[in-house]
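Please open the model in your viewer and keep the sequence panel beside it.

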Amino acid sequence: METSLASRSLGQPGFLSDVRAFYAVLRREWTIFTRYPSWIIALFIWPLIFPMMYILTARALSGPDGSGLAVFITTTGATDYIGYIIVGTTVWMWQNIVLWDVGFSLRNEQMRGTLESNWLSPTWRFSYLLGQTGPQIVSMVMFIGITALEFGLLFGVRLNGSAWMIALMMLAAIPAIYGLGFAFASLVITVKEANAFVFLIRGMVMIFCGITFPVAILPGWMQSFAKWLPQTYLIHGMRTAAFSNAGIKELLPDLIPLLIFGMFWLAVGYFTFLWMERRARKTGAIGQY
Amino acid sequence: MSQFAVEAHQLVKKFPARPGTGDRPSPAGRGDTGEGSESAPSPKKKRWQFWKKESKAIFTAVSGVDIQIQRGEIFGLLGPNGAGKSTTIRMLCTLLEPTSGTAHVNGYDIVKQANDVRRSLGTVLAGERSIYWKLTGRENLEYFAALYHIPTAIAKKRVDELIERMELKDRANELVEKYSTGMRQRVAIAKALLARPPILLLDEPTLGLDPQAARNLRELIAQLKQEGHTILLTTHYMEEADQLSDRIGIIDTGKIIALDTPAGLKRRIDQKEIIRLEVSGWQAYIGEKLLALQEVENLVAHRQAEADLWEVNMQATDSRAVLPKLVESISQNGTRLVNMNIVKPSLEDVFIHLTGKALRD
Amino acid sequence: MELVTLSQPNIKTQLRALFVIARKDWKVFWRYPLNAVSNVFQPIIWITPVYFMGKAFSTNGQATGFAAYSGSGDYMSYILLGTVLTNFILTVFWGMGYALKNDMDSGVLESNWLAPVSRLLILVGRTLTSLLTTTITSIVMLVIAGALFGFKPTGNTVAAILTAIPMLIGLYGFGFAFAGVVLLMREANTLVDVGSFLVQGFSGTNFPVKSLPYWLIPVSLMLPLTYGLDAVRGFLLKTNTLLPINVEVTILILFMFVMLWIGAQIFYRVERRVRTLGTLGQH
């Protein structure tokens with residue numbers, strides 16, 4: 001005996017449903033995040049103590065009489081060493097978090113066993129990764145906002161520039177930073193010991209991009225290499241935007257390379273994803289761990 | 001030397017009901033060599049309940065278990081999931097401290113002489129997760145042999161012996177992560193046998209094994225008894241308990257509700273016969289109707305794998321007399337009797353008789 | 001037929017158990033080859049921005065501001081030595097708890113707990129391979145970073161090493177206590193990351209304690225590690241020490257005994273509690 005089935009499934013794709021889906025993912029991510037008791041530390045304590053290590057080091061280097069500081073001001077052109085350092089460390093943390101969160105998003109689903117179910121749903125599969133970006137960006141905005149707040153309140157760090165310009169820089173950086181994350185997400189599924197690669201990439205950012213020092217201080221060959229890392233432009237651009245009252249014209253030398261690298265890494269991310277997907281279909285590796 | 005291999009007196013285990021803590025991979029941290037871990041999130045308290053005083057919920061897993069296992073016997077602890085089997089075993093092997101009560105393993109007190117208890121035991125608990133996946137089978141065995149204080153020369157021979165016996169020789173030098181589940185289970189068993197312990201504790205050893213592997217394992221258990229081991233076995237497979245055990249303890253909701261030889265247990269409901277029906281289109285009200293019949297007792301209905309087919313077991317004093325009434329009650333309103341059997345009582349029926357529910361979940 | 005167990009514990013088998021645990025860790029460590037290599041080079045990565053930041057504050061290779069605090073303008077030697085010491089400190093401090101967490105996650109903890117060996121012996125055994133790999137890592141770092149950035153220990157190496165020993169042994173006490181906490185909370189990552197950062201910050205790994213804001217200095221002075229780092233540097237680099245160096249060494253020796261005893265007590269108590277709660281091996 002058969003009951004009659006509806007001839008159409010209940011799913012009705014469309015713009016509104018995409019927005020709804022996005023919001024649902026946001027809510028899910030936030031719920032899961034706050035269920036781990038350590039979320040307060042991740043959101044409020046880390047933004048404070050990670051830069052503090054370098055700031056305290058800078059204080060020590062300044063010396064009790066500030067003689068070291070004078071040298072620093074000459075070398076970097078920046079009077080506010082705290083603000084200078086925070087920009088660098090925040091960018092580093094941004095890339096670091098994206099590598100872990102976005103990079104391991106597919107792998108985590110695989111470990112939980114839910115990757116297959118997601119794969120079977122009738123959605124454009126890359127949107128799964130894109131969908132990760134939304135909540136991720138929201139949490140990064142919170143993270144950066146909290147950093148600014150904490151350092152503003154505790155250390156009197158003040159912006160000498162336009163918040164809009166800073167936002168513009170960050171917006172321009174999104175393709176690069178997340179493109180890298182996407183490329184990672186696809187690699188992580190197929191590669192063992194993906195952790196080592198995260199350490200490598202964030203290590204390179206740490207060494208070459210001038211997180212706590214001006215890139216100009218690096219030896220020539222290292223400076224040349226730094227030019228190939230989008231984070232270099234992001235850090236420099238954000239420092240300029242935040243502390244020297246710059247307008248778009250002054251920021252172009254950083255914005256343009258950032259956007260170009262962004263397009264590049266997005267493309268890499270997308271094609272790596274396609275490659276991984278094709279490979280997984282051939283080898284059936286999606287369901288395995 | 002104590003008369004009994006294992007002796008437990010009024011073992012009780014109560015757990016405070018606690019939300020678990022979880023671990024989140026720290027995003028800005030350095031991480032570690034292994035894979036990141038995920039665990040169940042702790043339940044979130046509703047905000048408005050915060051001011052209410054939390055009553056301490058206590059869950060009693062084991063509520064007064066008495067066991068005496070003779071040396072050289074296979075003792076089966078049989079019961080459904082959640083009955084308290086694993087908790088009992090964990091107390092006996094010193095991983096869990098009892099709330100009250102005492103127990104002696106090989107003559108040693110489980111609380112005060114824990115180390116001696118561990119020396120006397122070989123335990124198989126979690127099967128494939130209980131060994132190192134990044135070590136070979138052989139390396140795993142050599143490692144644990146040393147932890148059990150087996151002198152090196154003896155250990156080497158013993159490891160070779162066990163690898164041979166558990167049929168791991170071909171792949172003993174491959175990493176365990178490449179083994180099948182069955183092979184990993186064999187490594188876990190070999191590990192339990194390393195120190196040639198007088199007493200073996202096996203917690204659901206055939207769970208997750210394919211039928212052939214399970215059969216091999218049961219043969220092994222029988223052999224081990226021949227070699228002089230005392231074995232405490234937990235299972236929820238009644239055929240397994242029936243086949244292997246010298247004596248069986250049936251445990252349910254933390255208490256042992258029956259303890260006897262398999263034959264002795266079945267004799268308890270000997271006067272009764274078991275009527276086993278296969279019915280399609282079963283409805284609950286039919287069960288009530290049948291139970292209302294004087295001759296029928298302990299009716300349990302189980303939905304089968306095939307969509308609309310149910311297995312209905314009941315006990316009856318005189319099955320011939322009651323049969324016509326059964327057929328009449330059932331063949332109505334689209335319900336159909338597909339198959340019928342009158343059987344001798346099995347352990348499962350004993351269990352149903354004692355508890356009113358089925359052994360399988 | 002009477003079965004006799006093959007288990008015959010004595011000093012030799014106890015030592016062998018230690019060795020076997022270390023050997024197992026060593027094998028497992030190198031079976032994740034990429035991570036092993038990454039581990040070895042990570043310290044150099046973290047040191048590099050510190051070096052360049054130091055350069056931004058220095059003229060002609062001398063960090064004069066720093067020298068006013070420490071008594072020596074050789075910033076990099078100070079940092080390199082601090083990093084080496086801190087690596088050993090972290091290994092002992094957190095290594096045991098972290099190892100337990102990994103065991104819980106992979107399911108192998110119960111098997112180890114069922115064996116008739118002392119728990120503390122297992123914990124100590126788990127640090128041995130890490131100490132060895134940390135030594136390797138430190139040597140690699142001193143060689144490479146020394147070549148790149150300069151490392152000039154001009155003082156008494158033997159005295160420096162002898163001073164580090166009671167500090168590390170005392171840390172085992174803390175490591176035991178922390179391992180117990182990990183067993184109970186089944187959580188390691190956040191505690192380790194935040195905790196190790198704070199420890200590094202307050203004990204003077206990257207900057208002289210004297211340079212801290214005055215209201216934070218008392219926290220540093222309460223940590224025995226501060227005196228350990230200070231004394232080792234005092235011996236090896238001839239920097240100024242917070243207290244007379246003999247006083248600092250005495251503090252370390254006292255710390256060693258006290259911490260070992262307290263740590264072991266805490267561990268046993270917590271472990272007992274875990275066995276009562278029944279959460280052993282869960283993750």
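Two strands pair if DSSP finds at least two bridges between them. The model on display is a predicted one.

**First stop: a hairpin in chain B**

Select β12 (296-303) of chain B together with β13 (309-316) of chain B. A hairpin of five residues leads from β12(B) to β13(B). These two strands run antiparallel and are joined by six bridges. To see how they face one another, select B:His302 and, in β13(B), B:Glu311, which stands opposite.

**Second stop: the whole sheet**

Now extend the selection to the sheet of chain B, which is open and has four strands in the order β12-β13-β11-β14, with antiparallel pairing. Which strands form the edges? They are β12(B) and β14 (336-343) of chain B, each of which pairs on one side only. On average, and with direction ignored, neighbouring strands of the sheet are turned by 20 degrees against each other.

Next, select β11 (residues 273-280) of chain B along with β14(B): seven bridges pair them in the antiparallel sense. Here B:Glu278 has B:Asn339 of β14(B) standing opposite.

Display chains C and B together. The contact involves 59 residues of chain C and 63 residues of chain B. The size of an interface is often given as the accessible area lost when the parts come together. Between chain C and chain B, about 5,700 Å² is buried, 54% of it on carbon and sulfur atoms.

How many salt bridges cross this interface? The rule finds five between chain C and chain B. To view a salt bridge, select C:Arg272 and B:Glu97, whose side chains meet at 2.6 Å, N to O.

Finally, colour the helices of chain C. Those supplying at least two residues each to the side that touches chain B include α1 (11-30), α2 (33-56) and α11 (245-277) of chain C. The largest share of that side, eleven residues, comes from α1(C). Colouring by class shows 24 nonpolar, 18 polar and 17 charged residues on the side of chain C that touches chain B.

Definitions and conventions. Residues numbered from 1 in each chain as written. Chains lettered and ligands numbered in written order. Predicted model: local features only at pLDDT ≥ 70, side-chain atom pairs only at ≥ 80, totals over all residues. Heavy atoms only, no water. Contact = heavy atoms within 4.5 Å. Buried area = accessible area lost by both parts, 1.4 Å probe. Salt bridge = Lys/Arg side-chain N within 4 Å of Asp/Glu carboxyl O. Nonpolar A, V, L, I, M, F, W, Y, C, P; charged D, E, K, R; others polar. Axes fitted to C-alpha atoms, helices over the stretch in contact; angles between N-to-C directions.
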